Amino acid sequence: MLKDITLGQYFPGDTPVHRLDPRTKLLLTVFYIIALFTVGSWGGYALCIAALGAVMTVSHIRPGALLRGLKPLVFIIVFTAALNLFFTTGDDYLFRWRSIKISYAGLERAAAMVLRILLLVSGTFLLTYTTSPLAITDGLERLLSPLKKLHVPVYELSLMMCIALRFIPLLIEETDRIMSAQKARGADLETGTLPERARALMPLLIPLFVSSFRRADELALAMECRCYNGGEGRTRMKQLHMAGRDAVAFCLGGALMAGILLLRRLGI
Amino acid sequence: MDPVIRVENVTYSYPDSDRPALDGVTLDVARGSFVAVLGSNGSGKSTFAKHLNAILLPAAGRVLVDELDTAKEDDLLAIRRRVGMVFQNPDNQIVANVVEDDVAFAPENMGVEPAEIRRRVDGALKQVGMYDFRLHAPHLLSGGQKQRVAIAGVLAMEPEVLVLDEPTAMLDPKGRREVVSTVEALCRDRGITVILITHHMDEAARADRVIVMDRGRVALDGTPAEVFPQADRLRALDLTVPETTDLILRLNAAGMALPTGALTVEACAAAIGEALA
Amino acid sequence: MKNIEVRGLTHVYSRGTPFEKTAIDSLDLAIQAGMTVGLIGHTGSGKSTLISHLNALLKPTAGTVLLDGEDIFASKAAIRAARFRVGVVFQYPEYQLFEETVFADIAYGPKNLKLDKSEIDRRVRQAAAFVGLDEGYFDRSPLELSGGQKRRTAIAGVLAMEPELLVLDEPTAGLDPAGRADLLEKLFAWKRARNATVLLVTHDMTIAGLCDRLVVMEAGRIVLDGTPAEVFAQSGKLLSIGLDLPPAAHIARLLREKGLDVPAGIYTEDQLYEAVLALWQGKGGVPC
């Protein structure tokens, strides 16, 4: 059942990582991604893994949780690995059979690419695991608030994100419900040719659209009734405050970057 | 009477309809009272509700909230703040995916100071008995709980009047009981004026005043004890008579002399018990 | 004759995750053909999970469902056959409407049954007549109808499949009192005309009182089962699991608590009227 999919990967907690300002975590995630792409040596990867491990330890996120999150990406990872493995030419070949050849260079590159993807995805997962979607939205809104001067509707965009997050579980439930109702009328969503199946989706999609529009209408009305008047003049209940721990986090992030650059220079 | 809302000869038609949805409605609502509005589908009760906080504006006549005319655009936010609205489907009025953030939505829109918002949010959640759920995700709550969060979201505006448009229509009996007793307590303990639009006679029986609408007009208006015994009139308006009232009327027709104002099952049982003692 | 039987049915959601929840727990239930059975219990008691098994929308974790003694989960063909023999009207069924016209929407189920055109036509007209939907609406878009008419269209869409067992989940939810009474009357008329079996899920105890038999669920199990008189006689049990009583049964219970001699099986206004009048006459009251 669709209901079984766990959504919004946030694991509530009260660790130093959880308590960091979302802006800090967002910026550090960006730094981390940049760092990953500047890594030029195995030592650099080791440093990234160590950093990731440290954050996981502090935030009480178990490796199992990360691995579960990586599951849907297995195909992409295998595909990347295969691509690098088989299509990197090199001098020394580990294995040759007819036109299939695997070079040492290919092996190394495949390993590096896979590692990079794993580290990249794990890093962003750590952000979403330790930061509520709302805090991420909030942090983004405030980081982007200088854009308001350029008339970018930053608040409206973040409100849209927030509403989307709120309604995703509802729409999943609704899809389940409509699917059950149509199946009860003998709808066959599982067999048939592709065009047949596409047509068989109409009884699902049309009610879903209709109900989404109805929800949007009702929500807009309810928001108006609660004095919604655009982003202008709005205040916030929860103020974001940078604290000492944020400064520490930035220093650690800087140290990671410096370490990677140093290792790259040294070729370790 | 100190009226918080005054509706004066209001008429309204929807663009695609040839029959007015409201047809010369005049009434006052006393401050701090609990008013139930009944009527079959299409009687105009929802349209009436939407006039109370300027979602709809009268084509003729006027609506005054604390002497503010809803037709004056400058007073729009002042009116919306005074008259809070709760709708049928709780899912479609909750904006945020954390309970307390949702309750904060209205005061944030109003530009209230952060510390004051916190105070209001905590207070509103306590008033509806949802304070312990302040960090929960709304979609994991029961229908009755969601509807109480929606009520808290409106209370955070510190309104004078709470208008609820069929808030229990989608709830199970337990959720209905939760919502109705919450609303009743807000009126009795906090002095908030409550206007409850409903199809359920047992909910209306708990109000101070019942207004029955029919084809855009006020058909009946009085205390529940005055309105419900008018069984024939109610049936003619496509409404049911509460079983308690119907039983008492039939027993009286057979010769007993029971008070017709006994509306709840408890009052009805007490009245019959006394007569047979 | 068609019977439906639920045997040792268990359903566990999200098995093996922290969200694991047993919605129904080794439940047995046999429904005789031609009966109208009311299913009551509050939200989360397992009613919805149970009805989703009756037409094989959900697969049991353990146990099975038998239609005339045959396992409906035995094969893909058996599952499909069960979908057509057991019609389910879910809560707020109007949300499933999608066709361009009312006629096409009612015809959706019969079309999936691969019936020929004239038979589909006959069934659509008959189903629409049963729910009191005028043929003048056939060419209209279902989305333009009023709430009550949408509900009728959606229900007609299931009736047109001519199920042997019709399951209705809160068919009158959200309707006004007149709409409620009218729809119920039409559904009961359909049941009589087709001699079908009906399983009616409801929170409304007055509606429950109209059934031949009542089954009360609590925490995935059946806790009461019997005629309305038998079930409502257990008023203490019903109240203790947070369910309502029909007003007449509730008043009767309160009168008994006052020491008056009111029979325990009372649940309709007429019964209570007779009982109170009899007591009053016993006290020397003279009816006019």
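Colleague: Which residues does B:Asp28 touch, leaving out those up to four places away in sequence?

Modeller: This is a predicted model, where local features need pLDDT of at least 70, side-chain atom pairs count only at pLDDT 80 or more, and totals for chains, interfaces and linings use all residues. Residues are numbered from 1 along each chain as its sequence is written, while chains are lettered from A and ligands numbered from 1 in the order in which they are written. Contact requires C-beta atoms, placed from the backbone, to lie within 7 Å. On that basis the residues touched by B:Asp28 are B:Met1, B:Pro3, B:Ile5 and B:Arg6.

Colleague: Is B:Asp28 buried, partly exposed or exposed?

Modeller: B:Asp28 belongs to strand β2 (residues 22-30) of chain B; strands (E, at least two residues) and helices (H or I, at least four) are DSSP runs, numbered from the N terminus. A residue is buried with 20 or more other C-beta atoms within 10 Å of its own, exposed with 12 or fewer, and partly exposed in between, the C-beta atoms being placed from the backbone. Because B:Asp28 has 15 other C-beta atoms within 10 Å, it is partly exposed.

Colleague: In the hairpin of β4(C) and β5(C), which residue takes a positive phi?

Modeller: Strands pair if DSSP finds at least two bridges between them. β4(C) and strand β5 (residues 70-71) of chain C pair in the antiparallel sense over 2 bridges, and C:Leu67 has C:Glu70 as its bridge partner in β5(C). The hairpin has 2 residues between the strands, and the positive phi, near 50°, is that of C:Asp68.

Colleague: What is the radius of gyration of chain A?

Modeller: Chain A has 11 helices and 2 strands. The radius of gyration is taken over C-alpha atoms, and the globule rule is 2.2 Å times the number of residues to the power 0.38. For 268 residues the rule gives 18 Å, so chain A is more spread out than a compact globule, its radius of gyration being well over that at 24 Å.

Colleague: How many nonpolar residues are on the side of chain B that touches chain A?

Modeller: The contact takes 25 residues from chain A and 34 residues from chain B. Elements giving two or more residues to the chain B side include α5 (114-127) and α6 (143-155) of chain B. Ala, Val, Leu, Ile, Met, Phe, Trp, Tyr, Cys and Pro count as nonpolar, Asp, Glu, Lys and Arg as charged, and the others, Gly among them, as polar. By class, that side has 7 charged and 9 polar residues, and the nonpolar ones number 18.

Conventions
Two residues are in contact if their C-beta atoms, placed from the backbone, lie within 7 Å.
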